Amino acid sequence: PPPPPPPPPPLLSPPPPPARSPVPDLSALMLGGCGRVFIDGGSNMGEAVGAFADGRFFSCAMQAPPRNHRAAWASMGRGEKEASMGPLREPRSFCVRSFEAAPSLLPPLREEEASLRARGFDVRFVDGALSNRTAAEEARPVWRYASHRWGETAASLDFRDVHVERKPLPLSSRTVLGRSYDLNEIVRAVVKANASSVLALRLDVEGGEWWVLRRLLDEPGLLCSVSYIFA
């Protein structure tokens with residue numbers, strides 16, 4: 001009779017799960033050597049970055065009501081106020097990093113980035129959300145509200161809760177996976193690269209502002225490293 005078949009090989013340990021996508025590398029933001037940094041949460045059409053590049057954030061800060069400033073603002077003279085907001089008059093001295101979570105907006109933003117860099121601005125539009133956590137792949141809803149190429153937005157809340165006056169109305173929605181960047185980690189990286197950095201922050205992240213700021217409040221040392229907040 002034929003010899004018996006060989007015994008089956010011993011059971012092996014199950015193969016390891018596939019490696020997760022790496023957490024976004026903050027070095028890709030190229031913050032080294034930036035003495036001044038403008039962090040823009042919510043690029044949209046790039047209009048805030050354009051206004052910053054035109055120096056309009058200085059005008060906005062100077063014309064804002066006293067309640068938007070520290071307590072001493074009301075008693076400061078015009079010269080003192082201009083000096084305290086002085087860096088905003090020099091937008092070319094800033095590294096501008098603007099975060100956009102709606103994928104379809106990135107191609108036109110790349111065009112805007114090229115235009116601004118040709119004018120001497122250190123601008124980068126980042127493919128990802130400015131958030132309260134860092135993740136390589138985070139699910140987020142994206143809403144289409146108009147047919148033109150800018151007519152899409154990513155939101156932390158339901159679109160109808162962000163636009164409570166029901167203008168505009170959503171046309172469609174989908175869920176995408178994308179990068180998420182923790183604001184605290186970015187501020188920490190800026191301070192590590194240059195402890196005396198001037199840091200300006202703008203937040204318009206479609207309903208996620210409170211959670212981002214709440215996490216920043218948890219680390220007062222980081223909060224105090226932010227010179228200007230526009231929200």
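## Basis of the description

A residue is termed buried under 20% relative accessible area, exposed over 50%, and partly exposed in between (1.4 Å probe, protein chains only). The structure is a predicted model, in which local features need pLDDT of at least 70 and side-chain atom pairs count only at pLDDT 80 or more, while totals for chains, interfaces and linings use all residues. Residues are numbered from 1 along each chain as its sequence is written, and side-chain values use heavy atoms, with hydrogens and water left out.

## The four-stranded sheet

Four strands form an open sheet of mixed pairing, in the order E4-E7-E5-E6. Strands (E, at least two residues) and helices (H or I, at least four) are DSSP runs numbered from the N terminus, and two strands pair if DSSP finds at least two bridges between them.

Strands E4 and E7 run parallel and are joined by three bridges. Within this pairing, Ala 129 stands opposite Ser 180 in E7. Helix H6 (residues 183-193) packs on the sheet and touches E4 and E7, its direction making about 35 degrees with that of E7. Such angles run from 0 to 180 degrees between N-to-C directions, with axes fitted to C-alpha atoms, for helices over the stretch in contact.

Ser 180 belongs to strand E7 (residues 172-182). Ser 180 counts as buried because its relative accessibility is 0%. Beyond neighbours within four places in sequence, the residues in contact (heavy atoms within 4.5 Å) with Ser 180 include Pro 24, Ser 131, Arg 133 and Arg 140.

Glu 138 is also among these contacts, and its side chain makes a polar contact with the side chain of Ser 180 at 3.2 Å. A polar contact is a pair of N or O atoms within 3.5 Å; within protein, one must be able to donate a hydrogen and the other to accept it, and residues adjacent in sequence count only if both atoms are side-chain atoms.

## Salt bridges

The whole structure contains 18 salt bridges, each defined as a side-chain nitrogen of Lys or Arg within 4 Å of a carboxyl oxygen of Asp or Glu. Arg 179 forms one with Asp 127, with the closest N and O atoms 3.9 Å apart. This pair links distant parts of the chain, 52 residues apart: Arg 179 lies in strand E7 and Asp 127 in strand E3 (residues 122-127). Arg 179 is partly exposed at 39%, as is Asp 127 at 34%.

Arg 78 and Glu 82 meet at 3.0 Å, N to O. Both lie in helix H3 (residues 78-84), four residues apart, about one turn of the helix. Arg 78 is exposed at 55% relative accessibility, whereas Glu 82 is partly exposed at 24%. In the bridge between Asp 54 and Arg 56, the closest N and O atoms are 3.2 Å apart; Asp 54 is partly exposed at 49%, and Arg 56 is partly exposed at 48%. Asp 40, Arg 202 and Asp 204 are linked in a salt-bridge network.

## Aromatic pairs

Six aromatic pairs are found in the whole structure. One of them is the edge-to-face pair of Phe 52 and Phe 94, at 5.1 Å centre to centre and 90 degrees between the planes. Phe 52 in helix H1 (residues 47-53) is 42 residues from Phe 94, which lies in the loop between H3 and strand E2 (95-100). Both Phe 52 and Phe 94 are buried.

Rings of Phe, Tyr and Trp (its six-membered ring) pair if their centres lie within 6.5 Å; planes under 30 degrees apart count as stacked, over 60 as edge-to-face and the rest as tilted. Ring pairs link Phe 52 and Phe 94 into a cluster with Phe 38, Phe 57 and Phe 230.
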